[in-house]
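Hi everyone, thanks for coming. Have a look at it first.

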Amino acid sequence: MFQNVRYYPGDPILGLIDKYNVDPNPNKVNLGVGVYYDNEGRLPILECVKTVEKQLAQQNIPHNYLPMDGLAGYRQACQNLLFGTQHEAVQSGRIATIASLGGSGALRVGAEFIHQWFPRANIYVSNPTWGNHISIFEGAGFTVKKYPYYDPATNGLKIEELKQFLQQLDAGNIILLHPCCHNPTGIDPTASEWDELLTIIKEKKLIPFMDFAYQGLGDDLEQDTYAIRKAVDLGFCLYISNSFSKNMSLYGERVGALSVVCPNQEQAKIVQSQLKFIIRRFYSSPPGHGNYIVDQVLNNADLFNQWQQEVTEMRERIHAMRFRLHEVLQSSVPGRDFSFLTKQRGMFSFTGLNSEQVARLQSEFSIYIVENGRMCIAGLNTKNIDYVAEAMAKVLT
């Protein structure tokens, strides 16, 4: 029965970890995988999370199954965080929200739902996008196509080409969007560009699916929701997947959510029921520990304020690394413009390095970034930033 099974060679990003782990170079730097590390190169445990975990340990909560769609307080807190507590869509109860197995699980449940009820739809993803976007939607039965996004000539956004492309699409197709901190490029539309893009998407009757994995790591927790809230204000029915892996450093707990904005409360209840049915078939119910942590942090004013401050510290450290990388490269490679590094936002940067230069970084300097030139800025710190910048300068000249 296994004679026709094909070997899976592994994920190219996660595969870098294996190479990094066996590299004997004491100066090696892992800038491949999308994980936030502190200035000591450690995966942080946030103080707000430590507080909740101590409380949970003292309460001795039995390890029962959670509801299929997750804790009610968790789901409500996700809506408040995404849309604002007083937003009409939240107040009217017209948003269906389920807890999921991380952001990836939210994408997969959403993909399954859409393909079941809109089987003729195609999905369009940015060129480039996070590679797993394509795999997840193809796994649900979609034909995945690409829309223009990154301009290698300017290290910027192909905004005019993107607008023209959207104008040509047929109604009912799905557009996967990154509301902030685009993965892998770090290039986001401005507020005015979002206004233009969403207006076109509405006119063409396209359906947005917004993947929101980095809230708080762009500008702040509020400003990063601009595209989402603008879409709801424009009257969209849309899908939003969000995750607390990065902004609460809960990677292994797999804490995410899928929210579906519906026209009214009655339809939201119907959608919620179908999402629960999908969950029942996939994995029955979400994991509990991470749900309890996020539930407590988001619904306690003191813990929420502490979390906001910790996210601010993470974001500002990433920004500082961007500016230092720009400073060294600009002085080491005169005549070349590296201002794109400070314009990009979030954990990632599309460096403009080609595959040969990436290979040289790895073989000569033991610096690991993705073959397409994507670098995880959050892996830089004050101890390795100059080494990395100088190595990049050498492969660029």
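Let's begin with R360 and E364, whose side chains meet in a salt bridge at 2.8 Å, N to O. By salt bridge I mean a side-chain nitrogen of Lys or Arg within 4 Å of a carboxyl oxygen of Asp or Glu. The two residues are four apart in helix α14, so about one helical turn separates them. Helices here are DSSP runs of H or I with at least four residues, strands are runs of E with at least two, and both are numbered from the N terminus. R360 counts as partly exposed because its relative accessibility is 30%, and E364 is partly exposed at 44%. On that scale, buried means under 20% relative accessible area, exposed means over 50%, and partly exposed is in between, using a 1.4 Å probe and protein chains only.

A word on where this comes from: it is a predicted model, in which local features need pLDDT of at least 70 and side-chain atom pairs count only at pLDDT 80 or more, while totals for chains, interfaces and linings use all residues. Residues are numbered from 1 along each chain as its sequence is written, and side-chain values use heavy atoms, with hydrogens and water left out.

How many salt bridges does the structure hold? There are 17. One of them joins D38 to R42, with the closest N and O atoms 3.4 Å apart, and D38 is buried at 17% relative accessibility. Another pairs D195 with K230, at 3.9 Å between the closest N and O atoms. D195 sits in helix α8 and K230 in helix α9 (residues 226-233), so this pair ties together parts that are 35 residues apart in sequence. Both ends are partly exposed: D195 at 23% and K230 at 26%. There is also a network of salt bridges linking D188, D219, D224 and R345.

On a 1 Å grid over the protein atoms alone, a cavity is a set of points where a 1.4 Å probe fits but cannot get out; a pocket is an open set with protein on both sides within 12 Å along at least five of seven lines; and lining residues have an atom within 4 Å of a point. Volumes are the space filled by probe spheres set on the points, which are joined across faces, edges and corners.

The largest pocket has a volume of about 1100 Å³. It is lined by 46 residues, and the closest to its centre are D11, I13, L14, W130 and R374. Which element gives the most to this lining? That is α1, with six residues. By class, the lining of the largest pocket has 21 nonpolar, 18 polar and seven charged residues. For those classes, Ala, Val, Leu, Ile, Met, Phe, Trp, Tyr, Cys and Pro are nonpolar, Asp, Glu, Lys and Arg are charged, and the others, Gly among them, are polar.

The second largest pocket has a volume of about 330 Å³. T154, N155, G156, F340 and K343 are the closest to its centre, out of 19 lining residues.

Finally, the largest cavity has a volume of about 70 Å³. Its lining includes Y147, Y149 and W194, and divides into nine nonpolar residues, one polar and no charged.
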